[in-house]
Amino acid sequence: MALPLSYSLRNVRARPTRSLMTAGVIALVVIAATLFLGLITSLKRTVAISGDPMNVVVMRKGSDNDGSSQLTLEAYQAIRFFDGIARDEADQPLASPELVVQPFLRTKDGGRENVLARGVEPVALQVHDKVKIVEGRMFNPSSGEAIIGRGVASRYADAELGNELRFGRGRWKVVGIFDADGSAFESEVWVDVRELANDAKRPFPYSGVRLRAATPADLARLEKRIDDDPRYALDAQPEVDYYAKQSESANSLYVLVIGIAVLAGVGAGFGAANTMYASVQARTAEIGTLRALGFSKRSILIAFQIEAIALALLGFAIGAVLSMVLAVVLNAVLGGIAFGAQTFTTNVITLRVSPSDLIGALGLALLVGVLGGLGPAWRAARLRPIEALRKA
C-alpha cells in the first residue's frame, strides 16, 4: 500500500522552520552554481558572437591575437585589392586596417584597468556590421575623437558623451557610444588608426587587417592566398575561429565551476541529510504508526524521498529567484563583470542568467535532494513498528 503524494507535501508545510532550513542550504548551492554558470555562458557568448562568418583576420605569422601582431603599410596595400574581397557602393574594398593598444583607464570606483583601444578607419563599421552607433556619431579622422562601447561607458570614469578620455599621450573626446549585440567590441574604445599609431609611436602602423569576403567560397580562397604569399609572412583565419580561440580560457573556468559545484553539493547534501535525519528522529512514533497500519518499507522510503525532492525544488525556486536578482544587482553595482582577455585587456561582460544555467542548477539541486534524503529515508523505512512505537 502506497502513501499518497499529499502526505509528503503536507509534511513539508507542517514543519516550516525545518523545511526552510533544508531549502535554504540547497538555495545557497543553487545561487553559487547559477551565477558561476551564468558567468561562463555570458563570457562564451560575448566572445563567440564577436566573430563574423564572412570576415577574415589577417595577422603576422606566429601571432595569436591582435595585441602581439604587427603589420606594415606595404602589406596592407598589397592584400586589400585581392580578388574575393567584398566591396562597398563606391566600389572600395571592405578591408579594415586596425591597430590595438592597451592603455589604462580609471574605473568609476577609482581603480585602473587595461582597456583595448582599437584604431580603425570609417570602413570598420561596414566590416564589423554588428557595431551600431546608438548615441552620438562616428568620430572624424585626425580630430582627437573617439567612440566607445556600451561596456566601457558603464564601467569607466569620464566615459560619457562629450567627456574626454585620457590615455596614451593625448586626450580623446567621446563623440559616440556603440552597441555590438553584446560582443567583445563593446569593451573597446575606437579612434582614428593613424592618430593612435602616432600617439603610441608604433613603428608599424597596424596590428592586422579585417577583410570581408564577397562569398563563402571567396573566404577560403582569401585565406589560402594570404597564407601562401611569401612576401610578408602573414596568417589568415576566419574571424569566428579567431574568437573561438580567445574563448578557450572559459573552458578551464568551466572545470573550476564543476569542481566548486561538486564541493558545494557535497556540503549541501550533508546539511540536507542532517536536517532529514532530525526529522526522522522527531517522527518516530508517526513512522511506527504507519508501519503498524500496514504501509510497507518501500512506501515509507518513497514518501521520504518525495519529501526530500520537494524540499530540493523549493530550494531551487528560492535560489533561482535570488540568482536573477543578484545578477541584476552585480551588473548595476560593478558596471558589468570584468574578465581578462588574451590581449591583456579587460572584457566587460554583462552577467546574464540563461535557461540552460537554471537547468544545470536544477539538476544539481535535485541531485542534492535525492542523495541527501536517501540515508534518512532508508533509516525511516527500516524502523520496526514495535521499536518505533516504544521509542516514541
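This is a guided tour of the structure, stop by stop, for use with the viewer open.

**Confidence**

Begin by colouring the chain by pLDDT, since this is a predicted model. The mean pLDDT of the protein is 81, and 76% of its residues reach 70 or more. Select strand E7 (residues 145-149), where confidence is highest at a mean of 95, and then helix H13 (residues 385-391), where confidence is lowest at a mean of 55. Where pLDDT is low, the predicted coordinates should not be read in detail.

**The nonpolar cores**

Next, select Val-58, Ile-148, Val-152, Phe-167, Val-189, Val-209 and Leu-211, which are the residues with the most contacts inside the largest nonpolar core, a set of 41 residues. In soluble globular proteins, nonpolar side chains tend to be buried together.

Now return to Val-152 and display what surrounds it: leaving aside neighbours within four places in sequence, Val-152 is in contact with Leu-105, Val-115, Ala-159, Glu-186, Ser-187, Glu-188 and Val-189.

**Glu-188**

From that list, select Glu-188, which lies in strand E10 (residues 188-192). Is Glu-188 buried or exposed? At 5% relative accessibility, Glu-188 counts as buried, because the cut-off for that term is under 20%. The side chain of Glu-188 makes a polar contact with the side chain of Trp-190, at 2.9 Å. Not counting residues up to four places away in sequence, Glu-188 also touches Leu-116, Arg-118, Ile-147, Ile-148, Gly-149, Val-152 and Phe-178.

**Arg-210 and its partners**

Move on to Arg-210 in strand E11 (residues 208-212), a residue that is buried, with a relative accessible area of 1%. Which residue forms a salt bridge with Arg-210 at 3.9 Å between the closest N and O atoms? Select Glu-98, and you will have the partner in that salt bridge. Glu-98 belongs to strand E2 (residues 95-101) and Arg-210 to strand E11, so the pair ties together parts that are 112 residues apart in sequence. Glu-98 is itself buried, with a relative accessible area of 3%.

**Salt bridges across the structure**

A search of the whole structure finds 17 salt bridges. One of them joins the side chains of Asp-229 and Arg-231, at 2.8 Å from N to O. Asp-229 is buried, with a relative accessible area of 14%, whereas Arg-231, at 53% relative accessibility, counts as exposed. Finally, select Asp-66, Glu-98, Arg-118, Glu-188, Arg-210 and Glu-239 together, as salt bridges that share partners join these residues into one network.

**A last stop at Ser-63**

End in the loop between strand E1 (55-60) and helix H3 (73-79), where Ser-63 is found. Ser-63 is buried, with a relative accessible area of 9%, and its side chain reaches the backbone oxygen of Ser-68 at 3.2 Å. Not counting residues up to four places away in sequence, Ser-63 touches Ser-68 and Ser-69.

Note on methods:
Residues numbered from 1 in each chain as written. Predicted model: local features only at pLDDT ≥ 70, side-chain atom pairs only at ≥ 80, totals over all residues. Heavy atoms only, no water. Core = buried A, V, L, I, M, F, W, Y, C linked by side-chain atoms within 4.5 Å. Buried < 20%, exposed > 50% of the residue type's maximum accessible area, 1.4 Å probe, protein only. Contact = heavy atoms within 4.5 Å. Helix = DSSP H or I, 4+ residues; strand = E, 2+ residues; numbered from the N terminus. Polar contact = N/O pair within 3.5 Å; in protein donor to acceptor, adjacent residues only side chain to side chain. pLDDT = per-residue confidence, 0-100. Salt bridge = Lys/Arg side-chain N within 4 Å of Asp/Glu carboxyl O.
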